[in-house]
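Okay, thanks everyone, let's get going. Have a look at the chain on the screen while I talk you through it.

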Amino acid sequence: MKRSMVVSLDDTKSLTLFAKALSVEARIDIIKLLLHQELNINEISEQLQIPASSAAAHIKVLEEAGIIATNYKAGVRGSMKVSHVILEEILINLESDRND
């Protein structure tokens, strides 16, 4: 199930993770792909025409930000990791509790 998240300016760790995750065009393209289907690293790299190692690195950043999740599914030989979007909406509250 996809969910929403509200982040305030006081939550600098979450803001930094979201900013990092969304700062690269390839990561935004990955999110767009995963909105409609679960894909593994090789499928993502093929569709975006990037190396699998780059796709894996981008997936890791998106996971750390909590935007996508990865599960293991049975594959042809063993299991494979497939990713999907879990965060549908990010709201940033520009109000701060701090009076700096």
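**Walking through the fold**

So, going along the sequence, the protein chain runs β-α-α-β-α-α-β-β-β. That gives four helices and five strands, where helices (H or I, at least four residues) and strands (E, at least two) are DSSP runs numbered from the N terminus.

Quick housekeeping. This is a predicted model, so local features need pLDDT of at least 70 and side-chain atom pairs count only at pLDDT 80 or more, while totals for chains, interfaces and linings use all residues. Residues are numbered from 1 along each chain as its sequence is written, and side-chain values use heavy atoms, with hydrogens and water left out.

Overall numbers next. The C-alpha atoms fill a box of roughly 55 × 25 × 20 Å along the principal axes. Of the 100 residues in the protein chain, 32% are buried; buried means under 20% relative accessible area, exposed over 50%, partly exposed in between, with a 1.4 Å probe and protein chains only. Take contacts (heavy atoms within 4.5 Å): among those between residues at least 6 apart in sequence, 54% join residues at least 24 apart. The chain exposes about 6,700 Å², and carbon and sulfur atoms supply 51% of that; the areas are Shrake-Rupley with a 1.4 Å probe, and for residues only the protein chains shown count as cover.

Now some individual residues. His84 sits in strand 4, residues 79-85. Is His84 buried or exposed? His84 counts as buried, because its relative accessibility is 18%. Ignoring neighbours within four places in sequence, His84 is in contact with Leu34, Glu38, Ile68, Ala69 and Asn71.

On to strand 5, which is where you find Leu91. With a relative accessible area of 39%, Leu91 is partly exposed. Which residues does Leu91 touch, not counting those up to four places away in sequence? They are Met5, Val6 and Val7. Leu91 and Thr16, meanwhile, are 75 residues apart in sequence and 14 Å apart in space, C-alpha to C-alpha.

Leu94 lies in the segment after strand 5 (87-93). Leu94 is exposed, since its relative accessible area is 64%.
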